[in-house]
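Let's take a walk through this protein together. Have a look at the structure first, and then we'll go through it piece by piece.

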Amino acid sequence: MFASWFSKKSFPLYLAGNIFYQLCFILSEILILRIIDVEIIGIWQWVLLLQGYSLISRLGILNAFNREYPYLLQRKEKKKSVDILAVTKFHLAISVVVQVVVFSGIAVYYWNYGGADERIILLLTISFYILADSYVNFSEAIFRSKGEFKKIAKTKIIFSIILLVTVLLPYSIGFDGF
């Protein structure tokens, strides 16, 4: 009656994890808009724009992994699936390191020359977010391929908590705009 990957026990947890993630994402966006001043919204949008462009460094490899890895697992091609997993892990690690170095480098520049504390905090926050988001997306792809939906839910719940912390942390250390 149900697909082989479907479990009545894991589905409610998977559903709850996804709903919790979406609610936390919406809440974090609302909190960002409530916490920071209007003048800083432009800087926040600048950081999000940079983060969006930084995804180019992934070169679509994670998208290809999402397509190829489950296919290879279903065909029982163990060696190819392990190879594609290793290549994707390596590329994602390099990509994330480059992104974090770029954002942290921009933060160091502002620290040394600009004195713009709000930009430094936002750039460091987005660096942390990039690490967590990359891990969650990659983990979700692996778990989905193997039908481990409980693990996806747990990962999303943990990421949701991290997301809220990354929103509240700058505010708690005194960043509330100018």
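Does arginine 144 count as buried, partly exposed or exposed, and why? Arginine 144 counts as partly exposed because its relative accessibility is 36%; buried means under 20% relative accessible area, exposed means over 50%, and partly exposed is in between, with a 1.4 Å probe and protein chains only. Keep in mind that this is a predicted model, where local features need pLDDT of at least 70, side-chain atom pairs count only at pLDDT 80 or more, and totals for chains, interfaces and linings use all residues. Residues are numbered from 1 along each chain as its sequence is written, and side-chain values use heavy atoms, with hydrogens and water left out.

Now for the overall layout. The protein chain has 6 helices and 0 strands (DSSP runs, numbered from the N terminus: H or I of at least four residues for helices, E of at least two for strands). Of its 178 residues, 39% are buried.

Back to arginine 144, which sits in helix H5. Setting aside residues up to four places away in sequence, arginine 144 touches Asn66, Phe149 and Ile152, where contact means heavy atoms within 4.5 Å. Asparagine 66 is 78 residues away from arginine 144 along the chain, yet their C-alpha atoms are separated by 9.0 Å.

Both of these residues turn up again in the lining of the second largest pocket, which also includes Leu55, Arg58 and Glu140. A pocket here is an open set of points on a 1 Å grid over the protein atoms alone, where a 1.4 Å probe fits, with protein on both sides within 12 Å along at least five of seven lines; lining residues have an atom within 4 Å of a point. This pocket's volume is about 170 Å³, taken as the space filled by probe spheres set on the points, which are joined across faces, edges and corners. Helix H3 (61–74) and H5 each give at least two residues to the lining.

What about the inside? The largest nonpolar core has 22 residues, and Ile36, Leu122, Leu123 and Phe159 have the most contacts inside it. Such a core is a set of buried Ala, Val, Leu, Ile, Met, Phe, Trp, Tyr and Cys residues joined through side-chain atoms within 4.5 Å. H5 gives the most to this core, with 8 residues. Apart from it lies another core, of 14 residues, including Phe138 and Ile142.
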